[in-house]
Amino acid sequence: MKRISRKKALEKLYESAGRIFYAEFIKKDGSLRRMTARLGVHKGVTGKGMRYDPLERGLLPVYDMDKADWRMINLNTLRRLSVDHERYLVA
């Protein structure tokens, strides 16, 4: 498993270009979240937008494939990432 920085992890997520990835991070309440998700989904998007910029708060909006709904990945507590059959340990 390769070690990468949080900045590099965000780059890997954007490079996934809509392909499914796996992320493991600590939620706001302190519990561990394991998520299979993807970027680039348009389901449920109204075009209204958000009232804040999630990246400024260290969050990345993704589509959770298991829950079939939108969720946020906390980039500040991201631990593991698996993209394009490569596993990464985020430090």
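**Strands, a buried arginine and a ring pair**

In strand β6, Ser 82 is the bridge partner of Tyr 22. This is a predicted model, where local features need pLDDT of at least 70 and side-chain atom pairs count only at pLDDT 80 or more, while totals for chains, interfaces and linings use all residues. Residues are numbered from 1 along each chain as its sequence is written, and side-chain values use heavy atoms, with hydrogens and water left out.

Let's stay with the strands (DSSP E runs of at least two residues, numbered from the N terminus). β2 and β6 (residues 78-83) run antiparallel, joined by four bridges; for two strands to pair, DSSP has to find at least two bridges between them. On β3, the pairing with β2 is also antiparallel, over six bridges, and Phe 21 stands opposite Ala 37 there. Five of the six residues of β2 (residues 21-26) are buried, so β2 is largely enclosed by the rest of the structure. Buried here means under 20% relative accessible area, exposed over 50%, and partly exposed in between (1.4 Å probe, protein chains only).

Now for Arg 33, which belongs to β3 (residues 32-38). Arg 33 is buried without a salt bridge, and the nearest side chain of opposite charge, Asp 64, is 4.6 Å away. A salt bridge needs a side-chain nitrogen of Lys or Arg within 4 Å of a carboxyl oxygen of Asp or Glu; Lys and Arg count as positive, Asp and Glu as negative, and His and the chain ends are not counted.

Finally, a ring with a charge: the charged end of Arg 57 sits over the ring of Tyr 52, 4.1 Å from its centre (the rule asks for NZ of Lys or CZ of Arg within 6 Å of the ring centre and within 35 degrees of the ring normal).
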